[in-house]
Amino acid sequence: MKDQDITLVTAETLRNEILRHLKLSIGKDPSHASLYDWRMSLSLALRDRVVEPWFASTRKTYEGKHKRVYYLSMEFLIGRLIEDVTINLDVEEIAVQAMADLGQDYYKVVVDEPDAALGNGGLGRLAACFMDSLATLAIPAYGYGIRYEHGLFEQHFEGGQQTESAEGWLAQRHAWEFERPEVTYNIHFGGYVSEENGKSNWNPAETVLASAYDTPIVGWKGQWANTLRLWAAKPVKLFDLESFNRGDYIGANAPERLARTISRVLYPDDTTQDGKELRLKQEYFFTSASIKDLLRRFLAEGNKIEDLHEHVAIQLNDTHPAIAGPELVRLLIDKHDFNIDDAIEMARKCLGYTNHTLLPEALERWPEDLFARILPRHHRIIQMIQDRHLSATGSDIRIIEHGNVKMGELAFIIAHSVNGVSALHSELVKETVFADLHKAYPSRILNQTNGITPRRWLYSCNPALRNLITDTIGSGWAADLERLQNLNAHLDDTGFLQAYAAAKTTNKVRLAKWLKDRNDVTLDTSAMFDVQIKRIHEYKRQHLNILETIALWNEIRDNPTANWTPRVKIFGGKAAPGYVLAKSIIRLINDVAATINNDPVTKHLLQVVYPENYNVSMAEVLIPASDLSEQISTAGKEASGTGNMKLSLNGSPTIGTLDGANVEIRDHVGHENFFLFGLTAAEAQEKRTEHGYSRRAIEASPRLSRVLGQIGAGVFSNGDHHRYSDILHNLYEHDYFLVSCDFDEYFAKQREVDAVYLDVNRWTRMAAANTAGMGWFSADRTIRSYADQIWDAKSVT
Ligand code: Z15
């Protein structure tokens, strides 16, 4: 690929473009412009520079009749875009200069942008990383999702307890999107199915409009741009004038209210599904609009419907868009005269399904009566898909069972490919949730280990390390991350290690300043920054981490003059608003922080910080500053993890279990550069069959017994003995996640970490070896693999 002229821009031209937008798009004079005005103007000027490559990409795809990938996802957790676009267009210095010439601080403008938080966690962020890599690899692709008015809630702590408030990113104009009022589809719900001359007719009861908003996603060096198309729900009829004329002013607004509810808010549950009608409507809403849209594009290009699979690959990001199968079958039958068997076969050739979890509470099931009421025609089509599956395979696995429609089984059966997201997870998919379907379709399950975009998660968020890497191995690694292996030749070079450590210190100082400004906390930047950032969930075991923190505190107090390694324990993450035990864990962390941070005996050696409202942009500050990455989930429960990859790539060795992608990270960075502890997935499963295992483990561990005793005695809750009885009860009586069983080994491994950290050279070498070994985890590698093995899609050169 050769660089296009379009990215050639000077500070002067960019400055003039910003000024032009300030005047003509925002309607402001420079002397009266606010920070917001400057941010809008800069964003619009940058967006202009994406439009040419975007058009050129569309044109090439059309002219070359290239296959397109459609990535259907309920969530796209993209975060901020100014820095992302600037870096991808390679104009950061120019942008800094242009803003400076206008008397503005570019970085102040960058952090004024609200995060586009249209996702909960890993699944949504993965979709965003994939969009980045698809554009970088010049694979024609569309992301399809929902334009939620409110993204993930904002988290606050009140007295250490999580409270939530609505997020409002669209209260301000979203500079990056193009509204497409002409691109709309009618989406139907409810009603009944009638039969006429052997044809089924869906007579829906309700209709809403899906209206498109496009955001261009530009790849590395501006060589290609794809589209993220998000659907907003609007009323078919804006206003009920009849009601209004009757004097019913509230009734007049009813159509509007009903429709807009659908794209109003992102469901805040990570890996639990609550079976609510609105959620099912959201899923069908965006899936149906997307399928109709891709069919329209396909037919508009003069293609024959029989060739659909040659031009279209649809990937289902979890089961949330699994209704795409029956919807495509329905449209092929009703609008294109397919018979049911051909329609199913065609749908299968187009569809792939990615599984992201084995947790039973996350597997989507809809009560059949609810499902049949909202989607009566799809209900019947699913029965037909099921009948054909049963008779073709002799399997007895049903999609509809015990009054539930099981979306995992539907997705599995209607797709030609099913993939897990790490090697271990994909094996467990074969052995557990889909064991029987795997027997019926033995070549269907593949593995595609997750990846992360190195542009956002190293190049952009960690300039100190970025510059050192480029100085050491040359440029070009950001789009060819395996080149980081060339750092291995420098791991015994003292000058390199010193520079590596200096880059880490720069990032720790940056974080310390950020926390000082934000929360007025002071950090000792020579202490080890020990980081656990992710959604709060029992399986991720933040409670294991805080229990170990208390045990360490005890031991420092017992022996304050020993050679302790100073640590700052940093937590970040939100709990689903309805997840009571996760909220209890948050409160415990905050209570422990309040106690420990005020202990004059230990405060210079141990500190706990938990900044509220963890999100993508907070991750961009925390990750480069981390020394130690906590990846301590119960083995067999974390499908992959991607934060584990970001931290290791940024020179933060892992303390972790053999779970998800940890297994592969350890193999890539070297076993000697990874702090392994804990039961394996098989041992964990075995342990659960031993009666009374948790109480026995607690009784066998004086250290853990002491900690749990302190919590029960109210040491961290002003003498309140009951504040944490839910956590304690859970640990003593069930402990499904095996905190008690892994505790002692975790504590011991942490002391090993302490010892290595005191040896600065050894630690830095380990950190640098992590960076050097992580190239394989680029999402570019992941996307190439999906393109080859699942989509049969090619890069356009
Ligand atoms: C989610 O973020 C993940 C799985 C889910 O089933 C849902 Cl609903 C949300 C996460 C996994 O927990 C994590 O291990 C994985 O890395 C991520 O998806 C991306 O695959």
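Predicted model: local features only at pLDDT ≥ 70, side-chain atom pairs only at ≥ 80, totals over all residues.
Is Lys646 buried or exposed? Lys646 counts as buried, because 30 C-beta neighbours lie inside 10 Å of it, and the cut-off for calling a residue buried is 20 or more. If we set aside the neighbours within four places in sequence, the residues in contact with Lys646 are Ile452, Trp457 and Ile623.

Let me step back now to the domains. The domain assignment of the protein gives domain 1, made of 65-80 + 115-448, and domain 2, made of 454-680 + 743-781. Taken over C-alpha atoms, the centres of domain 1 and domain 2 are separated by 35 Å, and where the two meet, 41 residues of domain 1 are in contact with 33 residues of domain 2. On the side of domain 1 that touches domain 2, at least two residues each come from strand E2 (76-79), helix H6 (122-136), strand E5 (154-158), strand E6 (161-165) and helix H17 (423-431). Helix H6 gives the most to that side, with 8 residues, and by class that side of domain 1 has 16 nonpolar, 17 polar and 8 charged residues.

Which residues are the closest to the ligand? Of the 19 residues that surround the ligand, the closest are Gly122, Leu123, His356, Thr357 and Ser640. Sorted by class, the shell around the ligand has 5 nonpolar, 11 polar and 3 charged residues. Domain 1 and domain 2 both give residues to this shell, so the ligand lies between them.

Finally, I would ask you to look at Arg688, which is found in the loop between helix H27 (681-687) and helix H28 (693-699). Arg688 counts as partly exposed, because 16 other C-beta atoms lie within 10 Å, whereas a buried residue would need 20 or more and an exposed one 12 or fewer. Arg688 also pairs up in space with Tyr736: the two are 48 residues apart in sequence, and their C-alpha atoms are 7.2 Å apart.

Definitions and conventions: Residues numbered from 1 in each chain as written. Contact = placed C-beta atoms within 7 Å. Domains from an automatic or database assignment. Helix = DSSP H or I, 4+ residues; strand = E, 2+ residues; numbered from the N terminus. Nonpolar A, V, L, I, M, F, W, Y, C, P; charged D, E, K, R; others polar. Near = placed C-beta within 6 Å.
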